[in-house]
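Have the sequence and the 3D view open side by side. This report walks through a sheet, a loop residue, a pocket and a helix.

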Amino acid sequence: MTTSLEPLRRIAAYAVCADSDGRVLLVRASERSGTPGTWSLPGGAVDHGEDPKHTVVRETAAETGLSVAVAALQDVIADMRALPERGITIHTDRLLYTVSVRGGTLSDRVDRPTDLARWFTLDEARGLPLRSFTARALGLPASTDDLVPEEVPEFPSFYAVPGPDGLHRAQRFAAYAVVTDPEERVLLTRVSDGYPGAGCWHLPGGGTDYGEQPGAALIRELVEETGQTGRLVELLGVASHRDAASLGPEGYPIDWHGVRAFYRVVVDQPAPPTVADVGGSTCEARWFRREELGALPTDRLTEVTAEAVQAAHLI
């Protein structure tokens, strides 16, 4: 039975690292972990307020003794696994980064969740008990199966816990889209009153549900917020933003850490935008022509929207 396990959620970042001979860097889970004896990419949980790129560098150094530099974002995936022996089910949003080694000496660890770090050829890695997300990142078949919950547990879309400074803190993973149509119009949504950024134009998207892949979540959000059916084109990147005292509909300050994946999405058959989720954080949706978008004052766009449309060379 896995239905009675306590649901938890976390964001984690991992290093995909190859040397000049094409060998990949992997670490082994110790007896102190939930999956002893399995091998995975170096990495771990993103601390509150931490940029995931910094997580990759920090965790890789701790687990392998090597200092790495982040080169690029490779993929963003999510998975669920049940750990009955610990009484929990975990949904993890995993950010995979390509990295290169700057220096250091490969080293093992004692009494930690990982105990060995080694270089393997892909043929050698194929014969190892690999965690499923690691096999996927390396283009190999999964050799171990995580125990998956029988049902997706209920988990609140907003979840805040008391922090060490007395403020509530929340960490949330979300997926957003830079959406265009065949006429190269850009689709934006307007933030409802009572929410951070009220009145500003924002990218379609939002927080992913427990057990949900980010791409699927984004297409769902696009329908709910705008009434449009889109297709994913590419992953643009990941941004991390911390607001140490965000104020929203909860009515009290929250130390908020948002990690957001950004995608390019195309709507091949655009329709007049409609907001199905009435009473939520979106009050309006609208198609903008390039010149209209460029004419909007900066303070009419949320910070992440301005950054994303500029990165996509839309303004």
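Helices (H or I, at least four residues) and strands (E, at least two) are DSSP runs, numbered from the N terminus. Two strands pair if DSSP finds at least two bridges between them. This is a predicted model, in which local features need pLDDT of at least 70 and side-chain atom pairs count only at pLDDT 80 or more, while totals for chains, interfaces and linings use all residues. Residues are numbered from 1 along each chain as its sequence is written, and side-chain values use heavy atoms, with hydrogens and water left out.

**The record**

UniProt, in an unreviewed entry, places "domain: Nudix hydrolase" at residues 7–143 and 170–310. UniProt positions follow the numbering used here, feature names are shortened, and annotations may be inferred rather than shown by experiment. Residues 7–143 are 18% helix and 47% strand, with end C-alpha atoms 25 Å apart. Residues 170–310 are 19% helix and 41% strand, and their end C-alpha atoms lie 28 Å apart.

Strands of a sheet pair through backbone hydrogen bonds, either parallel or antiparallel. Here, four strands make an open sheet with mixed pairing, in the order β4-β1-β6-β5. At the edges are β4 (43–45) and β5 (66–83), each of which pairs on one side only. From one strand to the next, the twist averages 20°. The table lists the pairings.

| Strands | Direction | Bridges | Residues facing each other |
|---|---|---|---|
| β1 and β4 | antiparallel | three | alanine 12 and alanine 45 |
| β1 and β6 | parallel | twelve | alanine 15 and tyrosine 97 |
| β5 and β6 | antiparallel | 16 | valine 68 and valine 101 |

The hairpin of β5 and β6 has four residues between the strands, and glycine 87 takes a positive phi near 75° there.

What packs on the sheet? Helix α1 (residues 52–64) does, touching β1, β4, β5 and β6 (88–104). Contact means heavy atoms within 4.5 Å. The direction of α1 makes about 90° with that of β5. Axes are lines fitted to C-alpha atoms, for helices over the stretch in contact, and angles run from 0 to 180 degrees between N-to-C directions.

**A loop residue**

Aspartate 209 sits in the loop between β12 (205–207) and α4 (214–226). Is aspartate 209 buried, partly exposed or exposed? Its relative accessible area is 36%, so aspartate 209 is partly exposed. Buried means under 20% relative accessible area, exposed over 50%, and partly exposed in between (1.4 Å probe, protein chains only). Leaving out residues up to four places away in sequence, aspartate 209 touches Arg9, His91 and Arg220.

**The largest pocket**

A pocket is an open set of points on a 1 Å grid over the protein atoms alone, where a 1.4 Å probe fits, with protein on both sides within 12 Å along at least five of seven lines; lining residues have an atom within 4 Å of a point. The largest pocket has a volume of about 1,200 Å³. Grid points are joined across faces, edges and corners, and a volume is the space filled by probe spheres set on the points. The lining holds 43 residues, and the closest to the centre are Arg172, Tyr176, Tyr195, Pro196 and Trp256. β13 gives the most to this lining, with five residues.

**Helix α6**

The buried residues of α6 are Val304, Thr305, Ala306, Ala308 and Val309. They pack against β9, β10, β11 (201–202), β14 and α5 (290–295). Just after α6, histidine 313 takes a positive phi of about 60°.
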